[in-house]
Amino acid sequence: MSKWKKWREAIGLAALDYPVPTHANSFWCSLGGVTLFCFSVTIVTGIILTQFYNPAPQIAHASVRYISAATGLKFVRSLHHWSANLGFMLLIAHMLRVMFSGAFRPPRVITYLAGLALLFVVFQTFFTGTVLKWDQEGYEAMEHFVAVNKLLGPLGAVFQEDFTLSTSMLARMYGLHVGGLPLLLFLLIVVHLFYVKHFGIAPKPFQSQADYQSSLSQGATFSRHSIGLLKYGSVLLIILLGLAFFFQPGLLDAPKPGIEVTKPPWLFWIFYPIESAMGISGILVGSAVLCAGFLLIPVLGMTIKDEKKFFRVVKVLVVIGLIVWIALMAKTYFSPVMQHI
Ligand code: HEM
Ligand code: HEM
């Protein structure tokens, strides 16, 4: 046995040599891992930023100005910004792969539901991060959050300014962004990956059980999958470093209460036209429709048994979903800023 093999066994790396189906090592089936890699960069840079950010409302904006003026810190902030944005794009790509391959079907329903919960938590983490900048955009984002929670009555009482007099909304958002939400993210990722490992990567569309079983004995292993992930991760890191270096995120002026002159970050654009049409309750209605749509997806997998019909229905629904998404994004891009509160 070579020295390297002995070392691999001694430190336990050989335990990762378990077989995986051949297609598990493709780029598409690595997107979840690449998303995880990208958000790890967000978390590491976030921890560095906490050493310089001050969540007191009177100083918060100035502390981000300070971060944006110091060369090294400016770069860390830019990396945090780009890894959060790119991570979300990768997350959408991962979801599309899961949808088109029908990987949400039984027995992977909990894997899918844990994924949905992850999507929700990432949304919230992105949102609270935007508030932390405490510029006009961040302030308006928080005003919307408070207004939406007001509509929820007692359920939203905890997210009202007057819930406590002992601290500010901004400090509470900070607590969520750097504590509560990352903890939830971590716990959900553990559940998500536990089930991914337990059931293995789903078969390809129309792949028979016999083909799937035989693809498990064709030499593909999780160790190879991990090496592939490191390669994709390195390319991603280069892209992130380039974006962070050449395109630094801006910072608007300190907030002026009572005006609405910004649009939300791109993730939230799908809600903007609905909000413009229905007022602030449009955000609630849009979120409810989105949740219901995503929750109905696994029901398809449980009810349609015919493989051909299943993939036809999935294709049609996902394409309709994508068209609606693009239309709402385009509408927001081309529409002027509107006063909603
Ligand atoms: C997936 C996880 C995370 C996401 C999606 C995320 C997202 C964001 C976003 C979008 C911003 C505004 C950045 C800008 O454009 O300037 C931000 C700011 C910030 N984040 Fe995060 N974040 C995450 C995790 C963390 C963690 C784990 C920490 C710390 C432990 C952290 C600390 C901060 C701090 C201190 C700021 C304010 C400084 C600034 O705006 O430059 N973040 N975050
Ligand atoms: C932070 C967010 C997420 C992370 C880090 C993540 C990570 C992963 C990883 C590493 C895998 C293994 C396969 C791969 O690398 O593609 C996976 C599989 C899976 N993910 Fe996610 N995921 C996330 C969000 C989601 C969301 C939003 C959904 C769906 C709504 C989802 C549904 C699934 C399903 C069903 C599988 C099993 C796929 C199969 O067996 O082929 N995930 N995820």
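Angles under 35 degrees count as roughly parallel, over 145 as roughly antiparallel, 65 to 115 as roughly perpendicular, and the rest as oblique. Keep that scale at hand for the helix pairs below.

The model is predicted: local features need pLDDT of at least 70 and side-chain atom pairs count only at pLDDT 80 or more, while totals for chains, interfaces and linings use all residues. Residues are numbered from 1 along each chain as its sequence is written, and chains are lettered from A and ligands numbered from 1 in the order in which they are written.

**Stop 1**

Select residues 3–11. This is helix 1, which is hardly covered: of its 9 residues, the count of buried ones is 0. (Buried takes 20 or more other C-beta atoms within 10 Å of the residue's own, exposed 12 or fewer, partly exposed in between; C-beta atoms are placed from the backbone.) Helices here are DSSP runs of H or I with at least four residues, and strands are E runs of at least two, numbered from the N terminus. Now step to glycine 12, which follows helix 1 and has a positive phi, near 95 degrees.

**Stop 1: helix 5 with helix 6**

Select 136–151 for helix 6, together with helix 5; the two pack at about 130 degrees, with axes 7 Å apart. Axes are lines fitted to C-alpha atoms, for helices over the stretch in contact, and angles run from 0 to 180 degrees between N-to-C directions. Helix 5 and helix 6 are therefore oblique to each other. The crossing of helix 5 past helix 6 is left-handed, a term for the near helix being turned anticlockwise from the far one by less than a right angle (clockwise is right-handed).

Show side chains next. Phe127, Thr130, Val131 and Leu132 of helix 5 meet Glu137, Gly138, Ala141 and Met142 of helix 6. Contact requires C-beta atoms, placed from the backbone, within 7 Å. By class, the residues of this contact of helix 5 with helix 6 are 5 nonpolar, 2 polar and 1 charged. Nonpolar covers Ala, Val, Leu, Ile, Met, Phe, Trp, Tyr, Cys and Pro; charged covers Asp, Glu, Lys and Arg; the others, Gly among them, are polar.

**Stop 2: helix 5 with helix 4**

Helix 4 passes helix 5 left-handed. Pick out Ala84, Phe88 and Leu91 on helix 4, then Leu119, Val122, Phe126 and Gly129 on helix 5: they make the contact. The contact of helix 4 with helix 5 counts 6 nonpolar, 1 polar and no charged residues.

**Stop 3: helix 5 with helix 7**

Helix 5 packs against helix 7 at about 160 degrees, axes 9 Å apart. This crossing is left-handed too. Its contact has 20 nonpolar, 8 polar and no charged residues.

**Stop 4: ligand 1**

Which residues come nearest to ligand 1? Of the 25 around ligand 1, they are Gly46, Leu49, Tyr53, Ala84 and Gly129. (Near means a C-beta atom, placed from the backbone, within 6 Å.) Helix 2 gives the largest share of the shell, 7 residues. By class, the shell around ligand 1 holds 14 nonpolar, 9 polar and 2 charged residues.

Notes:
Contact = placed C-beta atoms within 7 Å.
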